[in-house]
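Let's take a friendly walk through a protein model together.

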Amino acid sequence: MKVRIIAVGQKMPKWVQQGVDEYIKRMPSEMSVSFVEIAPGNRGKGADLARAIAKEGEATLAAIGKGDWVVALDVLGKALSTEKMADTISDWQMAGRNVSILIGGPDGLAAPCLARADQKWSLSALTYPHPLVRIIIAEQLYRAWSFSKGHPYHRQG
């Protein structure tokens with residue numbers, strides 16, 4: 001199974017790339033994870049915000065693999081425990097589909113991206129910095145996989 005994380009934003013700080021790379025290299029070959037970066041729309045002074053979000057949405061939708069199960073990160077989405085996320089990943093693997101996880105820009109995902117989603121997740125009721133979300137998603141995918149395999153990375157209290 002391939003998991004493609006499609007994220008609005010480019011030129012992340014070095015610490016973000018290092019964090020993401022650390023978890024991606026830990027992933028097993030049966031669940032490869034990759035990132036696709038989408039150029040953010042213009043948000044400069046006098047910019048048309050609706051147009052910027054729409055442009056990001058079009059590029060995000062175009063990056064989704066044919067037949068992929070689509071998961072959108074959304075504050076109104078469902079929060080998952082590590083155990084439930086592990087079950088979800090197992091379900092994806094059993095279905096034999098690749099997965100695209102969508103991370104919106106500073107103003108969230110465009111409405112067509114949310115409409116395309118098969119599943120909507122909320123990481124938390126908290127607001128996280130956009131670059132940190134990339135690391136959180138990579139780490140949580142690894143944690144859920146390790147939990148499902150009984151790997152000692154995830155320890156239960």
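This is a predicted model: local features need pLDDT of at least 70, side-chain atom pairs count only at pLDDT 80 or more; totals for chains, interfaces and linings use all residues.

Just after helix α3, G96 takes a positive phi of about 70°. Residues are numbered from 1 along each chain as its sequence is written, and side-chain values use heavy atoms, with hydrogens and water left out.

Now look at α3 itself.

Which residues of α3 are buried? They are T82, M85, A86, T88, I89 and W92. Buried means under 20% relative accessible area, exposed means over 50%, and partly exposed lies in between (1.4 Å probe, protein chains only). Seen down the axis of α3, the buried residues fall within an arc of 160°, so they line one face of the helix. That arc is taken from the directions from the helix axis to the C-beta atoms. An α-helix has 3.6 residues a turn, so residues three or four places apart point the same way. The face of α3 turned away from the buried side carries the exposed residues M94 and A95.

The buried residues of α3 pack against β3, β4 (99-103), β5 (119-121) and α5. Take T88 as one example: its relative accessible area is 7%, so T88 is buried. Leaving aside residues up to four places away in sequence, T88 touches L80, Q119 and W121, where contact means heavy atoms within 4.5 Å.

The largest pocket holds about 480 Å³. On a 1 Å grid over the protein atoms alone, a pocket is an open set of points where a 1.4 Å probe fits, with protein on both sides within 12 Å along at least five of seven lines; lining residues have an atom within 4 Å of a point. Of the 20 residues lining the largest pocket, L73, D74, V75, Y128 and V133 lie nearest its centre. Strand β3 gives the most to this lining, with three residues.

The second largest pocket holds about 150 Å³. Its lining includes T82, M85 and W121, and α5 gives the most, with three residues.

How values were computed
Grid points are joined across faces, edges and corners, and a volume is the space filled by probe spheres set on the points. Helices (H or I, at least four residues) and strands (E, at least two) are DSSP runs, numbered from the N terminus.
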